[in-house]
Amino acid sequence: MKLSKWQALGNDYLLVEQAELTQPLTPDRVRQLCDYHYGVGSDGLLEIASSDGARAELRIWNPDGSTAELSGNGVRIVAAWLARASGAKRVTVSVESRDVQAVIGTDGNITLDVGEVDVGETETLDLGDERIEFTPVSVGNPHAVLRREPERDELLRLGPRIERHARFPDRTNVQLVRVDGTHDLTVGVWERGAGETLSSGTSSVAAAAAAVVNGWCESPVHVHLAGGDLLVELDDQGGARLTGPAEEIGRVEVD
């Protein structure tokens, strides 16, 4: 099996074309490949089910063997791969029922038309020994946005508890958000099925959308993550655009 390894602000993924597989991927196989000690190591796996010119169909695997509805960093990676393979500057990546349009900029950054973002009313979550306020957001996948200092210890403490809370039957991504200015957020990310990550595209969109709806920020929003910065632009209809880099960092062949 021939794999390429990519990263988007430190969020690293393995990419494989389904045609290169000797047998179908399984959760166990994905967990093995993503393991940093016994496999290649990554924050997830991007399986290209098919590609035709400037269009590709994508399945996103989390490192725990589950699948994700969407990944902003993962889709940017596939868009960069597809643009290089097709020579096109505008490409489409199909993920489950969503077609994501992507444009490759002259600076190499990739802009995704993420589509509609649904921001809910602020809720209170009972964790047993404490109660926290969060804003639920859907970017095609679920998010819980908390306005509090994104300290790593706090992220590691709250992330797994919120991810698997009964409020979220399909689990959730978690963001701790600090408002730094009218157009700036610093965000700590706990990803469903992956844990702490250096960056996340959909988490950035969720945090920015919650900040705009709640009046903490105005669009455009510069999201500062441990791995670097992403730009989120939100329109009056609830649509979002996400801009940031993605690059290939290596290739490997495994049995």
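1. Arginine 161 is partly exposed, with a relative accessible area of 29%. This is a value from a predicted model. The side chain of arginine 161 forms a salt bridge with aspartate 129 (2.7 Å, N to O). The two partners sit 32 residues apart, in distant parts of the chain. Aspartate 129 is in the loop between β10 (123-126) and β11 (131-138), while arginine 161 is in helix α3 (residues 152-163). Aspartate 129 has 59% relative accessibility, so it counts as exposed.

2. Two further salt bridges deserve a look. Aspartate 180 pairs with arginine 178 (2.7 Å, N to O). Aspartate 180 is partly exposed at 38% relative accessibility, and arginine 178 is partly exposed at 30%. Shared partners also tie Asp129, Glu130, Arg148, Glu154, Arg157 and Arg161 into one network of salt bridges. Arginine 131 meets aspartate 126 (3.7 Å, N to O). The whole structure holds 19 salt bridges.

3. Now check arginine 76, in helix α2 (residues 72-86). Arginine 76 is buried yet has no salt bridge. The nearest side chain of opposite charge, aspartate 107, is 10 Å away. What does the side chain of arginine 76 reach at 2.8 Å? It reaches the backbone oxygen of proline 245. A polar contact of 2.8 Å also joins the side chains of arginine 76 and asparagine 73.

4. Finally, the cores. The largest nonpolar core has 57 residues, and Leu58 and Val78 touch the most other members. Helix α2 gives the most to this core, with eight residues. A second, separate core has 13 residues, including Leu125 and Ile162.

Methods:
Residues numbered from 1 in each chain as written. Predicted model: local features only at pLDDT ≥ 70, side-chain atom pairs only at ≥ 80, totals over all residues. Heavy atoms only, no water. Helix = DSSP H or I, 4+ residues; strand = E, 2+ residues; numbered from the N terminus. Buried < 20%, exposed > 50% of the residue type's maximum accessible area, 1.4 Å probe, protein only. Lys, Arg positive; Asp, Glu negative; His and termini not counted. Salt bridge = Lys/Arg side-chain N within 4 Å of Asp/Glu carboxyl O. Polar contact = N/O pair within 3.5 Å; in protein donor to acceptor, adjacent residues only side chain to side chain. Core = buried A, V, L, I, M, F, W, Y, C linked by side-chain atoms within 4.5 Å.
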